[in-house]
Amino acid sequence: MGQDNTYRTSDTTLSAFLITEQWVLLYVDYTPQRFEFAFPMSAEIQEAANRYISGNALTEPSAFSRVHRKLLRIIRKQCQWEED
């Protein structure tokens, strides 16, 4: 959890899963040594992340692939989701 009541992760594939599941990516923070994706904090997002981490998450594969490629592109450009 971030200091600003956000769920933060540097895991690109987890972030792609969360976005595919309709969680809003607030911003990408490039200030830490490794970038972090920030989402609004809630019990539901923590549950979704736990399902993903435990291997029990299901999502639509082509949507996941599309979002994952876009996240990799914005990381390379060091821009925000809506700027790409």
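**View 1. Helix H1 packs against helix H3.** H1 and H3 (residues 61-77) pack at an angle of about 125°, their axes lying 9 Å apart. Axes are lines fitted to C-alpha atoms, for helices over the stretch in contact, and angles run from 0 to 180 degrees between N-to-C directions. That angle makes H1 oblique to H3; angles under 35 degrees count as roughly parallel, over 145 as roughly antiparallel, 65 to 115 as roughly perpendicular and the rest as oblique. The crossing of H1 and H3 is right-handed; a crossing is right-handed if the near helix is turned clockwise from the far one by less than a right angle, and left-handed if anticlockwise. H1 contributes Thr12, Thr13, Ser15, Ala16, Phe17, Ile19 and Thr20 to the contact, and H3 contributes Ala63, Phe64, Val67, His68, Leu71, Leu72 and Ile75. Contact means heavy atoms within 4.5 Å. By class, the contact of H1 with H3 has nine nonpolar, five polar and no charged residues, where Ala, Val, Leu, Ile, Met, Phe, Trp, Tyr, Cys and Pro count as nonpolar, Asp, Glu, Lys and Arg as charged, and the others, Gly among them, as polar.

The model is predicted: local features need pLDDT of at least 70, side-chain atom pairs count only at pLDDT 80 or more, and totals for chains, interfaces and linings use all residues. Residues are numbered from 1 along each chain as its sequence is written, and side-chain values use heavy atoms, with hydrogens and water left out.

**View 2. Helix H1 crosses helix H2.** The axes of H1 and H2 (residues 43-53) come within 10 Å and cross at roughly 125°. H1 and H2 are therefore oblique to each other, and H1 passes H2 in a right-handed crossing. Thr13, Leu14, Phe17 and Leu18 of H1 meet Ile45, Ala48, Ala49 and Tyr52 of H2.

**View 3. Phe17 and Tyr52 form an aromatic pair.** The structure holds two aromatic pairs. The pair of Phe17 and Tyr52 is stacked, at 5.6 Å centre to centre and 25° between the planes. Rings of Phe, Tyr and Trp (its six-membered ring) pair if their centres lie within 6.5 Å; planes under 30 degrees apart count as stacked, over 60 as edge-to-face and the rest as tilted. Phe17 lies in H1 and Tyr52 in H2, so the pair ties together parts that are 35 residues apart in sequence.

**View 4. Three strands form an open antiparallel sheet.** The strand order is S1-S3-S2. S1 and S2 are the edge strands, each pairing on one side only, and the twist averages 30° from one strand to the next. Helix H1 (residues 12-20) packs on the sheet, touching S1 and S3, and its direction makes about 30° with that of S3. Helices (H or I, at least four residues) and strands (E, at least two) are DSSP runs, numbered from the N terminus.

**View 5. Strand S3 pairs with S1 and with S2.** Four bridges link S1 (residues 6-9) to S3 (residues 36-40) in the antiparallel sense; two strands pair if DSSP finds at least two bridges between them. Thr6 stands opposite Pro40 in S3, and Thr9 opposite Phe37. S2 (residues 27-29) runs antiparallel to S3 and is joined to S3 by three bridges, with Tyr27 opposite Ala38. A hairpin of six residues connects S2 to S3.
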